[in-house]
Amino acid sequence: MILIGVTLSFLSFSFIKSGVDFSGNWEVETEKSTFTLYLKQVNNKITGNHCSVMQKGDRIDCVLDRTDQSIFGNVENQFYVIVRFESQYCKKFGTAKITKLDANTIDWQIISRPKGEYYIPDHIVLKKVKSL
């Protein structure tokens, strides 16, 4: 029984190491808003940041510097990752689920909202963009 558990844990970790990679620049633009995620995955750890411009630019929820981190998480399986994110508008944390739909598409869905005013989409689909 213990051997099975150890084997399953090893196989699960091996898949995460060589499986889906959430790294990249992800973006969606609508008539009134833009939402961008910059994600970096190393093994099963994800870090990154976000920039959300809403209400035609009247509300901005972005990191001040591209090197600042506002997203943190661990990959648990090949389909999605649960991350903590910090709204730069209210400086409070929330949680979101990022699901990899295909190599060039992810789905962002807030699970728990930051306690305060924030300007980040609750649910939206983003496309991968080339690095600058």
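This is a predicted model: local features need pLDDT of at least 70, side-chain atom pairs count only at pLDDT 80 or more; totals for chains, interfaces and linings use all residues.

Before I point at anything, one term: strands here are DSSP runs of E, at least two residues long, and they are numbered from the N terminus.

As background, a negative phi is what most residues other than glycine have. As for the surface, Lys 91 is partly exposed, at a relative accessible area of 49%.

There is another lysine to look at. Lys 56 sits in the loop between β3 (45-54) and β4 (59-62). Its phi is also positive, about 55 degrees, and again this is not a glycine. Is Lys 56 buried or exposed? The relative accessible area of Lys 56 is 61%, and the cut-off for exposed is over 50%, so Lys 56 counts as exposed.

Now back to β7, and to Leu 101, which lies in that strand. Leu 101 has a relative accessibility of 48%, so this leucine counts as partly exposed. Which residues does Leu 101 touch, leaving aside neighbours within four places in sequence? Its contacts are Ile 106, Asp 107 and Val 125. One distance to finish: the C-alpha atoms of Leu 101 and Tyr 80 are 8.9 Å apart, while 21 residues separate the two along the chain.

Technical notes:
Residues are numbered from 1 along each chain as its sequence is written. Side-chain values use heavy atoms; hydrogens and water are left out. Helices (H or I, at least four residues) and strands (E, at least two) are DSSP runs, numbered from the N terminus. Buried means under 20% relative accessible area, exposed over 50%, partly exposed in between (1.4 Å probe, protein chains only). Contact means heavy atoms within 4.5 Å.
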